[in-house]
Amino acid sequence: MRRSFEMIINEMVSGEKADIGPWNQTAARASKSFHEKLPEYQPTPLRSLAHQAKRLGLGGIFVKDESWRFGLDSFKALGASFAMHVVAEERKGKGPCTFVTATDGNHGRAVAWMARKLGQKAVVYMPTGSSQRRLAHILAEGAEASITEKTMTAPFAWRLQERGSGDGF
């Protein structure tokens, strides 16, 4: 049985002046330019899912494979690295900064990786139950990281309150 689908183009996010928060075509080009300058950068490969396409009666299905992005096994590096680059550029001449996040792994590794590349500090708080393997990957990137006794929703706010606002956070 052949199935069909309808593609709907979101008119709110197309064009140079599209207002999608801090992102527009200019920001997208700046992000792409930044990432292309990183030595680890490689275009994202498209993987064919020919068997699935045939099963669904479609001409083709392709998936962007972000699993090896910058050697971090995660697409999270794109957003984290560019956001951190923007902050570091805005803070030039104002001294070092510390990037802090709460995550159970992939985002924390991306933050740790980029902080190291920027010569900055990263602090990663992980919720109870987080993988020791993920913690080891984050620590290997040079971050200060720990698995807290808190759930995913709590460690970030809890640690910021504990440290106080005078630490430059």
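Student: Let's start with H4. How many residues does helix H4 have, and what is its reach from first C-alpha to last?
Tutor: H4 covers residues 106–118, so to speak, with 13 residues, and spans 18 Å from its first C-alpha to its last, close to the 18 Å expected at 1.5 Å a residue. Keep in mind that this is a predicted model.

Student: OK. Which residues in H4 are buried?
Tutor: Gly108, Arg109, Ala110, Val111, Ala112, Trp113, Met114 and Ala115 are buried there.

Student: And what covers those buried residues?
Tutor: The cover includes helices H1 (25–37), H3 (77–90) and H5 (132–140), along with strands E3 (98–102) and E4 (121–126).

Student: What follows H4 in the chain?
Tutor: Gly119, and its phi is positive, near 75 degrees.

Student: Switching to the strands. In what sense do E3 and E4 pair?
Tutor: They run parallel, paired over five bridges. Within that pairing, Phe99 sits opposite Ala122 in E4.

Student: Which hand does the β-α-β crossover have?
Tutor: Right-handed: the chain goes from E3 through H4 and on to E4.

Student: How many of the residues in E3 are buried?
Tutor: Four of its five, so E3 is mostly covered.

Key: Residues are numbered from 1 along each chain as its sequence is written. This is a predicted model: local features need pLDDT of at least 70, side-chain atom pairs count only at pLDDT 80 or more; totals for chains, interfaces and linings use all residues. Side-chain values use heavy atoms; hydrogens and water are left out. Helices (H or I, at least four residues) and strands (E, at least two) are DSSP runs, numbered from the N terminus. The expected span of a helix is 1.5 Å times one less than its number of residues. Buried means under 20% relative accessible area, exposed over 50%, partly exposed in between (1.4 Å probe, protein chains only). Contact means heavy atoms within 4.5 Å. Two strands pair if DSSP finds at least two bridges between them. A crossover is right-handed if, with the strands pointing away from the viewer, the path from the first strand over the helix to the second runs clockwise.
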